[in-house]
Amino acid sequence: MPALPGGRPARSPEPLPARLRAAADERALVMGVVNVTPDSFSDGGRWFEPHAAVEHGLRLLEQGADVLDVGGESTRPGAERVPVDEERRRVLPVVRELVGAGAVVSVDTTRAAVADAAVEAGALVVNDVSGGLADPAMAGVVAATGVVYVAMHWRGHADVMDARATYDDVVTQVRDELALRVDGLVAAGVRPEQLVLDPGLGFAKPGSDNWPLLAHLDELLALGRPVLVGASRKRFLGHLLAGPDGVPAPPEGRDAATAAVSALAA
């Protein structure tokens, strides 16, 4: 992996455009999220219609986003899966329009068929919350297309993940499970330079387990790949900001905490 002056490893995956790779050598890149779903926990489906999603993405670019992450299936706890054709119907028009507007687009999907179609439509990043575990064909698509691949720590789909949220040492176990995913993906033909790792904040992790991960991001960076931190409006921030009655702050009340966590991670 390329190194910067002083021996610090480069933070940008190789397949990103040159301008973003150069930027990532100086600062953290910012990913803007475009939820093309009717049931997002974060925005309640405000961007479900394609034109609304595209307008939202363009606003995020104006506000400084480097990459736009387009997803057509909610991964909130308890969410039910959508048919693959419906997921494609949701995301592909949005990907095409945002790519046409000059955006660097990521597709948020666990399905190889959706990833392949989105890359054909111009996406340069595949953001897979399952790290390739949900669809055995995903690694082949990533290897064949050469795109950036975000592999998240995952223990099951949204309907079962909370039941699997048990750890003896969350930092060590998440690190070791991500290392196994790196090994498996590379064995399947994915180049290490394509990989970005994500600790999966809020995914199969109760609120208290997210803070040690944020405090020890160096353990994940030691695996030699860039790390994506996705804290935006998640449950553990709501619990942190609970009022005297113990009721968690609603998603729209978590933005200041999101900004603080993101700045500290960067």
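Reader: How many residues of strand β2 are buried?
Author: This is a predicted model. Strand β2 covers residues 67-71 and is mostly covered. Buried means under 20% relative accessible area. Of its five residues, the number buried is five.

Reader: Which residues of β2 point the other way from Val-67, Asp-69 and Gly-71?
Author: In a regular strand, side chains alternate between the two faces of the sheet. In β2, Val-67, Asp-69 and Gly-71 point one way. The other way point Leu-68 and Val-70.

Reader: Which residue in β3 stands opposite Gly-71?
Author: Strand β3 spans residues 105-108. It pairs with β2 in the parallel sense, over four bridges. Opposite Gly-71 stands Asp-108.

Reader: Which residue in β2 stands opposite Met-31?
Author: Strand β1, residues 31-35, also pairs with β2. The sense is parallel, and there are five bridges. Opposite Met-31 stands Val-67.

Reader: What is the bridge partner of Met-152 in β6?
Author: Strand β5 holds residues 148-152, and four bridges join it to β6. The two run parallel. In β6, Val-196 and Asp-198 point one way, Leu-195 and Leu-197 the other, and all are buried. The partner of Met-152 is Asp-198.

Reader: How many residues has the largest nonpolar core?
Author: Val-70 of β2 is among the residues with the most contacts inside that core. Leaving aside neighbours within four places in sequence, Val-126 is in contact with residues including Val-107, Met-138 and Tyr-149.

Reader: How many residues are in the second, separate core?
Author: This core includes Leu-16 and Val-67. Val-125 and Leu-228 also belong to it. Its residues number nine.

Notes
Residues are numbered from 1 along each chain as its sequence is written. This is a predicted model: local features need pLDDT of at least 70, side-chain atom pairs count only at pLDDT 80 or more; totals for chains, interfaces and linings use all residues. Side-chain values use heavy atoms; hydrogens and water are left out. Buried means under 20% relative accessible area, exposed over 50%, partly exposed in between (1.4 Å probe, protein chains only). Two strands pair if DSSP finds at least two bridges between them. A nonpolar core is a set of buried Ala, Val, Leu, Ile, Met, Phe, Trp, Tyr and Cys residues joined through side-chain atoms within 4.5 Å. Contact means heavy atoms within 4.5 Å.
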